[in-house]
Amino acid sequence: MILIAAVAMFDSRASALPDPTGRFPGGLGPGFYPFWSAAMIAAAALVVVYRWYRSTDTGEGVFATREAWTAPLKIALPMIAAVAVIQWIGFYFVTGLYMGFFARFIGRYRWVWVVVIAVVFPALIYLAFEKGFRVFLPKSILFEQGFPL
Amino acid sequence: MDILNGFTSTLGSLAGGFGTALQPFNLLLLSIGCFLGLIIGVLPGLGGTSGVAILLPITVFIANSGPGGATSAVILLAGIYWGALFGGVITSILFNIPGEPWSVVLLFDGFPLAKRLGKPALALSSSFFASFIGAFIATVLFTFFARALADVALAFGPAELFAVFIMSFATLIGLGSESPAKSVMMIGLGLLLAAVGFDTITGAPRLTFDRIEILSGIGFVPVTIGLFGMGEILASAEEQGIGFVERLSAKVGVKDILETLRELRKRIWTVVVTAVIGFWFGVLPGHGATAGSFLGYGLARQYSKNKENFGKGEITGIMAPQAAADASAVGSLVPMVALGVPGSPTSAVIMAGLFIWGLQPGPLLFIDHPDFVWGLTASIYLGHLLTFTMCILAVPLLARIMHAPYAIITPFIVIISIIGSYSLNNSMFDVFITIAFGFVGYWLRKMKYPLAPLVVAIVLGDSTERELRKALIASGGSPLIFVGSPLAATLMILAVILLLVPVVRGLRERRARNASVEHAA
């Protein structure tokens, strides 16, 4: 937090103070607001650090068990992978694969249900958004060649 | 005597309006509008504004060739607005993903009540009842005071608005955290994020580090979806493990409705007061339901006896902002109808409709087209009643969504989060922001930092800066403008008092602690 505040204060230092010379309308430049917001972060962060330093509570560490960090990671990695490939294979294929992956490897569903889930959900989303409300979601790289999704 | 005459004349006009709104064709359009609005509110990325905009072309045909003319057209559009107001809360409460910007505040207590305390039906019905009561109070105010209030609202300048925003932040310091310093840090971070992108006054890029994608700023919807929706999924995986099944009350129905009514009775004055405040916020041009809902939440918490329960599923934390948000949405129609100045983005689109149908919004609308004004007013009462009935009937069905298997509901939430953040600007950058803030939200939650002040600051940060600078521009740079009028001075003093409350409380508690230690020694 202190680092974020320091970078923001450095970036907006040029017009951090009120300027009565008439250079900016109302005397405030573009840097005033971000500079003092960052200063607020820095000041509050120093108070938190001071309190932590004075505190006698040692705590139990950030992650209590191995499972505590592997479980979020198991959710996070497929999420990152799905978002990373959207621009190549398109939103609808990603939805099918992502939902199918969860159904199979987390829910332990039979393959037939995995296929049903992987097809039905993207199809419903397609009908609601693209056909119903004309909201267009990312398509695959084949879309330019005439592929519909 | 004049007041009594005015009152009876208004009642007579309203009765005429009900006659118009209750015509079968208008009633049908209102029902269609409310139903479509509900769906639009539930779907991520689609809001009342886009719903109204999508159906605007259809209303041209209705206005030109329908039996009710422009009145039927506005009834359809207003129905969508009311439906979306109710629908937006459903995803907030059930999935921790805001369906609409004004339902962001429901993430603080709606989702905890639905999931952590296992009462989704109570959470949903609390929000629907509060919406209905808030809207009803606002519609009564709209009926009797629309024109007078619109004139008063114009006297509410940037200095007064700036003071109101400061009050919103002040009410949230210390929220959900042992340390006010953590809240202040989160407010600072939110204000900083809101400042990213082009400066609206000078046009200079700020904190963009030469990245083109960031020039237009960081939207609060992708950030909020990440902080709450994605962050919750990661936190649940750690706290409850992967594949856990919700153990929620399966019994939903009359019992939950009765419990909601009991809870509502205990909080009725909070709901009424926040509805009036929300209505007033809606009347102020350019603000609308989102700011109103945050202010309603902050004030309800500040004056609640159960402060420590806020953020953990407190029903007041659902009812107060929801009443304020709905009242605010009704209020946003006041400047549109009475002055021709839209009070919110959705009312701006409805106002565009008025021009297309050949009407001129403003004071003369009451004189030249009374059928239109009173038909619209009556439809606000009916629209809310219809939407409320639809929602209450759907509560048992909606609550059952929480029983869906983990392997279906978790990826589904991720997918609708992606849709919600992408479809705002058709931007993958917004999706990346959502994912990044998912991790930030998870980490902040783990480190016991309150998320609510961060979200409030991101949402209101832009408006706060804009009003600050507009006030200073108007005064030629003199800060005395913030105490220059009795209204501004009063609001500013209130804001300062609210800011000092947590500091004084902290000092008192510290002194009491020290005294007890000395006493023990």
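**Helices, loops and the chain contact in a predicted model**

Just after helix H4 of chain B, the residue B:Asn96 takes a positive phi of about 70 degrees. This value, like the others reported below, comes from a predicted model. Along the chain, B:Ile97 and B:Glu259 are 162 residues apart, and their C-alpha atoms are separated by 25 Å.

Helix H18 of chain B can be described in the same terms. The 20 residues of H18(B) should span 28 Å at 1.5 Å a residue, and because its end C-alpha atoms are 30 Å apart, the model agrees with that expectation. Of these 20 residues, 15 are buried, so H18(B) is largely enclosed by the rest of the structure. H18(B), too, is followed by a residue with positive phi, in this case B:Asn426, with a value near 50 degrees. B:Asn426 has this positive phi although it is not a glycine, and its place is in the loop between helix H18 (406-425) and helix H19 (428-446) of chain B. Because B:Asn426 has 12 C-beta neighbours inside 10 Å, and a residue with 12 or fewer is exposed, it falls in the exposed class.

B:Lys448, which is not a glycine either, has a positive phi of about 60 degrees, and it is placed in the loop between H19 and helix H20 (451-474) of chain B. With 11 other C-beta atoms within 10 Å, B:Lys448 is exposed.

Two residues within helices of chain B were examined for their surroundings. B:Ser379 belongs to helix H17, which covers residues 370-399 of chain B, and it is buried, because 31 other C-beta atoms lie within 10 Å. When neighbours within four places in sequence are left aside, B:Ser379 is in contact with B:Ala21, B:Leu30, B:Ile75 and B:Ala78. B:Ser379 and B:Ala15 are 364 residues apart in sequence, but 11 Å apart in space when taken from C-alpha to C-alpha. B:Met492, in turn, lies in helix H21 (residues 486-520) of chain B. Beyond the neighbours within four places in sequence, the contacts of B:Met492 are with B:Ala163, B:Phe482 and B:Val483. The C-alpha atoms of B:Met492 and B:Phe95 are separated by 38 Å, and these two residues are 397 residues apart along the chain.

Packing between helices is illustrated by helix H11 (residues 268-283) and helix H13 (residues 316-331) of chain B, which pack at an angle of about 35 degrees with their axes 6 Å apart. The crossing of H11(B) and H13(B) is right-handed. On the side of H11(B), the residues that make the contact include B:Thr270, B:Val271, B:Thr274, B:Gly278 and B:Phe281, while those of H13(B) include B:Met319, B:Ala320, B:Ala323, B:Ala327 and B:Val330. By class, the contact of H11(B) with H13(B) has 15 nonpolar and seven polar residues, and no charged residues.

In chain A, the domain assignment gives domain 1 (2-54) and domain 2 (66-145), and the C-alpha centres of these two domains of chain A lie 42 Å apart. The contact between the chains takes 49 residues from chain A and 50 residues from chain B. Helix H1 (2-11), helix H2 (32-54), helix H3 (66-105) and helix H4 (111-132) of chain A each supply at least two residues of the side of chain A that touches chain B. The largest share of this side, 16 residues, comes from H3(A). By class, the side of chain A that touches chain B has 38 nonpolar, eight polar and three charged residues.

Methods
Residues are numbered from 1 along each chain as its sequence is written. Chains are lettered from A and ligands numbered from 1 in the order in which they are written. This is a predicted model: local features need pLDDT of at least 70, side-chain atom pairs count only at pLDDT 80 or more; totals for chains, interfaces and linings use all residues. Helices (H or I, at least four residues) and strands (E, at least two) are DSSP runs, numbered from the N terminus. Axes are lines fitted to C-alpha atoms, for helices over the stretch in contact, and angles run from 0 to 180 degrees between N-to-C directions. A crossing is left-handed if the near helix is turned anticlockwise from the far one by less than a right angle, and right-handed if clockwise. Two residues are in contact if their C-beta atoms, placed from the backbone, lie within 7 Å. Ala, Val, Leu, Ile, Met, Phe, Trp, Tyr, Cys and Pro count as nonpolar, Asp, Glu, Lys and Arg as charged, and the others, Gly among them, as polar. Domain bounds come from an automatic or database domain assignment. The expected span of a helix is 1.5 Å times one less than its number of residues.
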